[in-house]
Amino acid sequence: MTTRATSPQIRLIAAEHGEPKVISNGVLGMLLFVLTEIMLFAGMISVFNIVRASAAVWPPPGQPRLPVEETAINTLALFASGLCVYLAQRRFAVSRPSARTPLALAIVLASIFVVFQGYEWVSMIAQGLTLTSSALGSFFYLIVGMHALHVVAALAMMIQTWRRHARGWLHPSQLATTAVFWYFVVGAWPIIYWRVYL
Amino acid sequence: MAESIRVEHAAHHDDHHGHHEMSFLEKYVFPLDHKMIAMQYMFTGMFMALIGGFFAYAFRWQIAFPGTEAPFWGQVSPADYNSLVTNHGSIMIFWVAMPVLIAAFGNYLIPLMIGADDMVFPKLNRLSYQIFLLSALIILASFFVEGGAFGGAWTAYPPLSTKAEYSLTPLGSTMWITAVALEFVAFLLGGINFITTAMNSRAPGMKMWDIPMVVWMIVIASILFMLSVGPLLAGGIMMLFDQNLGTAFFDPDRGGDPILWQHLFWFFGHPEVYVVLLPAVGIVAEIITVFARKKLFGYKTVLYTAIGTGVLSFTVWAHHQFIAGIDPRMANVFTVTTLLISVPIAEMMFVYIATLYGGSITLSTPMLWALSFIFEFLIGGITGIFLGASGNDIYMHDTYFVLAHFHYTFYPIAIIGTYAGFTFWFPKMFGRMMNDKLGKLHFWLTIIPFNTIFLPLFVLGAAGHHRRIFDYRNFPELSYPWMWDLQALATYSLIVMLLAQVIFFYNVITSWISGPVAPKNPWNSNTLEWTATSPPPHGNWPEGLPTVYRGPYEYSHPDRKSSDYWPQNEPA
C-alpha cells in the first residue's frame, strides 16, 4: 500500500515525517461499509432462521424445491471470479498490464453467475415460487435478490476498474477497494447457499 | 460504491482548495467544504427541532386541555394526535439528534481538531447531506398526503405499521419507513467518512492518545451506528415489502412473526441511544476541561468506558420488550445486562465530577450547559435502573414514567449537548462572540421549564398515566384534579420553554451580525481548532497544517510557567 492523502500538502508533510498509512482511505472506507453489509445480511439470515425453525412444516407444502445442484455449479463460477480478482491484484503488483486478463475473466465469470441466477428465477416463478406464495418464497427472493443486487453493483465497480486499467489510470488502492467489496460478495454467498438452499 | 472510488480519485488528483473564487451555488448549496456541510446539517437539524417542538406543543395541549382548540393548530383529532406523537419522536431522534450531534459536530470538529484540511471523501460527504435533506423532505411531505402522516409510534410495530386497514395511513407509513431508511444511508456515508478521516488524516505528531475526546466519541458512535443499522435496514426493506408487495414477513396469519420486527428495531434502537449520547459526552469533556482549567481526569478511562458501553449496548435491546411476550428467563438475562451498562456510564460521570474537583471554574454559558448535562443526565440514568428491572418494568411499561425517563436522557443529549457545543464553538464557527447575558437568560429559561415538564410526568406515570391515551376524561381513576393540575403544569412549562428559544435565535442572529469580533482562541483552549482563524478559511490552515507535540488537556501544567494552558501545536 502506498501513502494516500487528500492533498499534495498533506502528502508532503506525511512523507517528511515518514508516517505511511497502514490502510489506504479507499480500502478503510470500503472495509467499514462491508462491516455494515455483514450486519445487514446477518439480520436477514437470522430472521429467516427463526421463521424456518418455528414453522410447523418446512419447506412449506406445495412449493417447489430450490435447485441445489445447479446452484452449486454456479457457485463455482462465483468462486473462480473471486480468485481471478485475487490473481489480478497479485499480477498488478508485479507488472501492471498483466492484470488485464484476470480482471476481464473475473467480469465474465461474475456475469455468468448473474445471468444463470436470472434464468433460475424465471424457472422458479414458472413453478409457482413467488414473492407472496409462501415464507420460503418471500425470504428466497429477499435474501438472494439482495445478494444479486450486490453482485450487479460489484460488476459495475469491476467494469469501471477495468476501464481505468485499460487507460492506465488505475491506482493500486482503487483495485484493492474493488477487490475488498468483491471478496465480501463472494464470501457471503456460501453462507447464503448453506442457510437458504440446503 | 463506484462513487467513492471516483471521489477518492478526484480528491487525489486535483487540489480543490480555494485556488479559484467559488460561485454562490458551489459555496453554499453544493459545498465540498466540511464546515459548510456541517452548517447545512446544523441548521436543517435546528429547523426540524422547531417543527418537532411545535408538534409536542400541539399534543401536550390536547393531553392537558382535551376538547379545547390549541392556538395555532386547532382541534387535535385522534388521528392528528397519533401522527403528532409519532413524528415528534421520529423527527427529534432521526432528524435532530443524529444530524446535529453526529453529522454537524462531526463534520465541523473532526478535521479541525485533528489538523486536517478536509474530510477524506468530500464528495461522499456532500452526497450524505443531500440524501439526508431528501429524507427530511419526505417525512415533512407525509403530512400532506391522503390519510395523513404515519401514526403508529416511532417504533412502528407491526401490524399497525404494515396494514393500511389498521393504520389508515397507506401512503404515510410507506413514506415514514422510506424516509428513515434514506436517513440511515446518509449517516452510513457520513460515518465511513468520519472514521476514515480520524484514522488516516491526523496531523503529524498526533498519536492515538492525543486525539481530543469528542473526536474519539464521534468515531466510536459511528462504529456503533454502522454495526447496528444493518439489521434495521433489513427490517425496513421487509416492512416496505409487507406494505406494498403483499409479503407476510411480519404477519402471523401467513407464517410471519411480528415480534421479529421488534427485535430488529431495538437491536438498532438501543445502540442508537449511545450513538447520540457519546458525542454529547465528548462535547461536555471538551468544555469542562477548558472552563475548570484542569486536565481531564482519566483520559483513557473515559475512552475505555465508552468502548465498554458500546460493546454492552448490543446486549440490552430486549429490555424494551419485557411485555411483548418474550421468555421470562431471557428477560432476566436482559435485566442483568441493562443494569450492568449503568456501571460504565456512572464511571464516566464520576470522572467528569473528578475533573471539576479542585478546578478554577468559570461559569460561562457553555459551562452552564455542560454542568446541567451532567446533572440532568444523572436523573435520566438513575430512573433507567428502575425500568431496567423486568419485574418493575411490567408495571411501569408505557407509562409517563418511561416517557419522563427517556426525555431525561434524550433532552440532555440532543438539546443540552447541542447548546453546550454550539455556544462553545460559536466564536470559531462565525467569528463573533455570543452575548453571554442573553445566553445565560436562555439557559435558565430552558432548563427550569425542562424540569417542570418532566418531573410531574414521573409522578403521573407512577400513578398510572399511560402514554398512548388521547383523552383522560374517559378514565375516571386517572382524572383526579391534582392529575389535571400536573398535566397542565407540564404543558405550560413546555410553552415557556419553546418561547425561550426565541432568545436563543435572537442572540445567534444579533451576535452573528454585530457581536464583538472573536479572536483565534477566546477560551484559551489547547486543541487544534483554536489555532485556525475564526472562522477558518477553506482548507482550514492555508499557511500550512499544524504539527502536534502533546495531548489535548494540558491545563495548569506545573512545568508551564507562562500560562495555564499549553496548545497542542506549540513546540516544547
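Visitor: Which helices of chain A do the buried residues of H4(A) pack against?
Guide: This is a predicted model. The buried residues of H4(A) include A:Leu103, A:Ala106, A:Ala110 and A:Phe113. Their packing partners are two helices of chain A, H3 (68-94) and H5 (135-166).

Visitor: How far apart are the end C-alpha atoms of helix H4 of chain A?
Guide: H4 covers residues 100-126 of chain A, which is 27 residues. At 1.5 Å a residue, the helix should span 39 Å. The model agrees with that, because the end C-alpha atoms are apart by 40 Å.

Visitor: Which residue just after H4(A) takes a positive phi?
Guide: Look just past the end of H4(A). The phi there is about 105°. The residue is A:Gly128.

Visitor: Are H2(A) and H6(A) roughly parallel or roughly antiparallel?
Guide: H2 spans residues 25-54 of chain A, and H6 spans residues 172-197. Their axes lie 9 Å apart and pack at an angle of about 10°. Angles under 35 degrees count as roughly parallel. So H2(A) and H6(A) are roughly parallel.

Visitor: Which residues of H6(A) make the contact with H2(A)?
Guide: On the H2(A) side, the contact includes A:Met30, A:Val34, A:Phe41 and A:Phe48. On the H6(A) side, the residues are A:Ser173, A:Gln174, A:Ala176, A:Thr177, A:Val180, A:Phe181, A:Phe184, A:Ala188 and A:Arg195.

Visitor: Now chain B. How many helices and strands does chain B have?
Guide: Count the secondary structure of chain B. The count comes to 16 helices and zero strands.

Visitor: What is the radius of gyration of chain B?
Guide: Chain B has 572 residues, and the globule rule gives 25 Å for that length. The model comes close to that value, so chain B is as compact as a globular protein of that length. Its C-alpha trace spans about 70 × 55 × 50 Å along the principal axes. The radius of gyration of chain B is 24 Å.

Visitor: What does B:Val215 touch?
Guide: Buried residues make up 56% of chain B. The largest nonpolar core has 224 residues, and B:Val215 is among those with the most contacts inside it, with B:Ala97 and B:Val284. Leaving out residues up to four places away in sequence, B:Val215 touches B:Leu109, B:Ile110, B:Met113, B:Ile114 and B:Ala198.

Visitor: How far apart are the end C-alpha atoms of helix H15 of chain B?
Guide: H15 covers residues 436-462 of chain B, which is 27 residues.

Conventions:
Residues are numbered from 1 along each chain as its sequence is written. Chains are lettered from A and ligands numbered from 1 in the order in which they are written. This is a predicted model: local features need pLDDT of at least 70, side-chain atom pairs count only at pLDDT 80 or more; totals for chains, interfaces and linings use all residues. Helices (H or I, at least four residues) and strands (E, at least two) are DSSP runs, numbered from the N terminus. The expected span of a helix is 1.5 Å times one less than its number of residues. A residue is buried if 20 or more other C-beta atoms lie within 10 Å of its own, exposed if 12 or fewer, and partly exposed in between; C-beta atoms are placed from the backbone. Two residues are in contact if their C-beta atoms, placed from the backbone, lie within 7 Å. The radius of gyration is taken over C-alpha atoms; the globule rule is 2.2 Å times the number of residues to the power 0.38. A nonpolar core is a set of buried Ala, Val, Leu, Ile, Met, Phe, Trp, Tyr and Cys residues joined through C-beta atoms within 7 Å. Axes are lines fitted to C-alpha atoms, for helices over the stretch in contact, and angles run from 0 to 180 degrees between N-to-C directions. Angles under 35 degrees count as roughly parallel, over 145 as roughly antiparallel, 65 to 115 as roughly perpendicular and the rest as oblique.
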